[in-house]
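Let's take a walk through a protein together. Have the sequence and the 3D view open, and find each piece as we get to it.

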Amino acid sequence: MDIVLISIVILVMIILVIAFLVSKQKSTVIVAQPLPGNLSEILLQQVEFYQQLDASRKLVFESRVQRFLAAVRITGVNTTVEDLDRVLVAASAIIPIFAFPDWEYMNLHEVLIYPDSFNDTFQQQGSDRDTLGVVGTGAYQNIMILSQHELRQGFLNKTGKSNTAIHEFIHLVDKTDGATDGIPEVIMSNAYIIPWLELVRKNIEAIRESESDINPYAATNQAEFFAVVSEYFFERPDLLRSKHPQLYELLVKIFRQQPPDPEI
Ligand SMILES: [Zn+2]
């Protein structure tokens, strides 16, 4: 066989191997579920944070929502997950880290949607169902569970200071450094840690003495304090700024954003 023919055969084999590897690589890119066609419409109707953004930042928000939905599976358990739920979960994930353009929730693979509250062992029956959202550990590592009713309620209530889905994503942000301790070291500059802990201490004391409008659940521990006041920060930035200016200013520095003020 002449050398030209051998070279051609080798070349063709190399091309075939490369084509095979490329096609294999492509097939491992998982798009979890098709994206909602009415994405921007749902955001506009339901998500106040998005409504307040200018046109170019709205586009950025939409693409971040799409990226999240392509990476994280959202599964209904004894309920049907609608586009509305998927968009609200993604919006809750993006709002806290909107100022961090490269942020990925590496510690989250799936969000399970339960119809309503559940108990400590994730049972949906019985009288001890007082949990509305949780970041899983152990066998539930990389999984978040949310109550569908509460997920929707968090966005429907325009005057409240709470939003369960945002609360759980704040725990995930906090957990990124390995410890859910109310000190989100991955996003928080070291210089703010001592002033932050001092504010946490003072505010938990005020809550325990019933001298605060912050949800008493925040006094459970530092991690819950961080999650609860962050909900307050993103849901009612205007109110937090007037009632707790020091907390507000530090949260602006931690999250590197001033949440758009809802006009109520
Ligand atoms: Zn919590």
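Two bits of housekeeping come before the tour. This is a predicted model, so local features are described where pLDDT is at least 70 and side-chain atom pairs count only at pLDDT 80 or more, while totals for chains, interfaces and linings use all residues. Residues are numbered from 1 along each chain as its sequence is written.

Start with the big picture. The protein has 11 helices and four strands; helices (H or I, at least four residues) and strands (E, at least two) are DSSP runs, numbered from the N terminus. Out of 264 residues, 34% are buried. Here, buried means that 20 or more other C-beta atoms lie within 10 Å of the residue's own, exposed means 12 or fewer, and partly exposed is in between, with C-beta atoms placed from the backbone. Now take the contacts with a separation of 6 or more: 63% of them join residues 24 or more positions apart. A contact is a pair of residues whose C-beta atoms, placed from the backbone, lie within 7 Å.

Strand 1 (residues 73-76) runs parallel to strand 2 (residues 110-114), with four bridges between them. To get from strand 1 to strand 2, the chain passes through helix 5 (residues 83-94), and this β-α-β crossover is left-handed. A crossover would be right-handed if, with the strands pointing away from the viewer, the path from the first strand over the helix to the second ran clockwise. Four of the five residues in strand 2 are buried.

So what sits in the core? The largest nonpolar core holds 63 residues, and Val 89, Ala 90, Ala 91, Ile 94 and Val 229 touch the most other members. Such a core is a set of buried Ala, Val, Leu, Ile, Met, Phe, Trp, Tyr and Cys residues joined through C-beta atoms within 7 Å. Helix 9 (residues 222-235) supplies the largest share of this core, eight residues.

Finally, turn to helix 8 (residues 193-208) and helix 11 (residues 245-255), which pack at about 145 degrees with their axes 11 Å apart. Axes are lines fitted to C-alpha atoms, for helices over the stretch in contact, and angles run from 0 to 180 degrees between N-to-C directions. Pro 195, Trp 196, Leu 199 and Asn 203 of helix 8 meet Gln 246, Leu 247 and Leu 250 of helix 11. In the loop between helix 7 (164-175) and helix 8 you'll find Tyr 192. Is Tyr 192 buried or partly exposed? Tyr 192 is partly exposed, because 15 other C-beta atoms lie within 10 Å. Beyond its neighbours within four places in sequence, Tyr 192 is in contact with Leu 250, Lys 253 and Ile 254.

Notes. Two strands pair if DSSP finds at least two bridges between them. Two residues are in contact if their C-beta atoms, placed from the backbone, lie within 7 Å.
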